[in-house]
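Let's walk through this one together, from the contact between the chains to what packs inside them. Have the viewer open as you read.

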Amino acid sequence: MEMLVFAGAAVVKIAVVMGVVLLTVAFLTLAERKVLSWMQDRMGPMEVGPYGTLQPIADGIKLFFKEDIIPAGANRFLFSLAPILSLVPAFIGFAVVPYGPNREIELFGVTIKPFIITDINIGILYILAFVSIGAYGVILGGWASNNKYSLLGGLRSAAQVISYELNIGLAIIGVLILSGSLSMVTIAEKQAGSILNWNIIGMGHGGGIWWWFPVTQIVAFVVYIISAVAETNRLPFDLPEAESELVAGWMTEYSGMRFAFFFMAEYANMILVSCIASVLFLGGYHAPYPGTRLPDNLSWIEGVAWFTVKVYAFLFLFFWLRATLPRLRYDQLMRFGWKVMLPLALGNIVITSIVVYFLRD
Amino acid sequence: MAVAQWVKTLTFYEILVGMKATITVLIQRIILRNRKAITLQYPHEKRELPGTYRGMIALLRYDDGTDKCVGCDLCESACPSRVITVISSEVEGEPMKRYAKEYYMDMTRCLFCGLCVQACPVDALAMTTEYEWAKYNKRDLRLNKEQLLALGDRNFPVREKKLEFQHPNVAYFNIGHKNLPPKES
């Protein structure tokens, strides 16, 4: 019985999270087109529904009914596998993200944490591991298409994802030093207090009279954001897709639902890196003021709302960058990744560990 | 100077300037609402075309319903894309007067340069402001005389008088013409 309740609660949590993420993915496509068009003196989708609000549904139906083409000479198995390899890792990372306060409720004698699907003690490592697998989807999709543009896109993506994943991994180490844990829930809990305790400012890590000393992670934050944009293959780092050079990069030969899978994976990855950024650097579900304003039994609404606001702010930043910046050249991308981002991330680790060592004395 | 450059690089100054520009446009569009999209929602709203717009070509009539065209073939020879085919013929009973028995325009080839309109000695051709002429069959775009006259009737409801009535004091040499206007004495 207890097992059943536990499993049932887990399934319900997974279903809710998946539903919300899929819905967000669908309407992110619309939001992106709308925001871009507003920034570029255009209107965006206007035909389907009032002000084009039902456009994602129309797009979904269209992609669902489109012909599924597998090019002659393509490796059929890998060609079919690639979209799945892209999509599954993008969704799987949401399992360890804390969406709200780490509180427990009793249900039929079983303790359930309603806002956390699971709290594994290597949460952030788990996400990074699965995001890396997502790169295989891109590379295999590019190779299996038997198309020069796809192959070039896949190769570019391999190089880009590997070099920028390194920077993501190094950027978050500063946060891990401050938190002393790899669990996403613990990392979020350590930033309780106010905006000053968020890792981006990082007060409250010193003892005694040094309580105010900020161990700021703003460098790591900037490195993380830039690397995250590169990791999700978004402009200005969308070299694997590069419409003006490679047709559609590794997605050139894909159509119908397989293309939709790649598309959903891209947007799900955007949401995932936004979730990680808000948990690691912006305090997750914590409000910028101390404590909560709502009564204790309703304070979870405030937590979830603040988390949502932070995630959507990051998503808006993605659109904003796309509307503003042109695409980098390939050598610029590599030089920026290895010669600028990597030393910055390494320097951040060194300085943070030295400061923390002396503060915690 | 070098320090300022370093500070600019480290704070992503140029990128921030660009991002300010884009967010300004967005705020003007959505919050201040003092900026409009330059897009027109085409099938629902259409551009106001200038009077000199060069759209579909039409044949015109005089105010008594007779067609202006005298079948001189000048438009055919002026056309750079060989769009026009005129089959000219005599007006029955009036041996000095000719007219276009058949008149074809293959609009698939037309480049809307307006040279035929310029070439016409009697202003029988005119360019309309019609442009929504997408067809499923390209043969529907080979227009005959009736279609071209219908285009003219549709777009130019005010028709010209015949030449002899426009300028009654000008000497008129077409002896084949039956009812000449009486000369004002």
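Two residues count as being in contact here if their C-beta atoms, placed from the backbone, lie within 7 Å. By that rule, 10 residues of chain A are in contact with 13 residues of chain B. On the chain A side, helix H1 (2-39) and helix H10 (299-324) each bring at least two residues, and H10(A) gives the most, with 3 residues. Sort that side of chain A by class and you get 7 nonpolar, 1 polar and 2 charged residues.

Keep in mind that this is a predicted model. The predictor gives the complex an ipTM of 0.76 and a pTM of 0.81. For chain B, the average pLDDT is 85, and 90% of the residues score at least 70.

Chain B is worth a look as a whole. It splits into domain 1 (2-32) and domain 2 (57-163). Taken over C-alpha atoms, the centres of domain 1 of chain B and domain 2 of chain B are 58 Å apart.

Now for the inside. The largest nonpolar core has 89 residues, and the ones that touch the most other members are Tyr224(A), Ala268(A), Ile271(A), Ala277(A) and Phe281(A). Helix H9 (residues 256-280) of chain A provides the largest share of this core, 15 residues. What does Tyr224(A) contact, leaving aside its neighbours within four places in sequence? The partners are Ile168(A), Ala171(A), Ile172(A), Ala277(A) and Phe281(A). Apart from this core lies another, of 22 residues, including Cys75(B), Ala100(B), Tyr103(B) and Ala124(B).

Note on methods. Residues numbered from 1 in each chain as written. Chains lettered and ligands numbered in written order. Predicted model: local features only at pLDDT ≥ 70, side-chain atom pairs only at ≥ 80, totals over all residues. Domains from an automatic or database assignment. pLDDT = per-residue confidence, 0-100. Core = buried A, V, L, I, M, F, W, Y, C linked by C-beta atoms within 7 Å. Buried ≥ 20, exposed ≤ 12 C-beta atoms within 10 Å, placed from the backbone. Helix = DSSP H or I, 4+ residues; strand = E, 2+ residues; numbered from the N terminus. Nonpolar A, V, L, I, M, F, W, Y, C, P; charged D, E, K, R; others polar.
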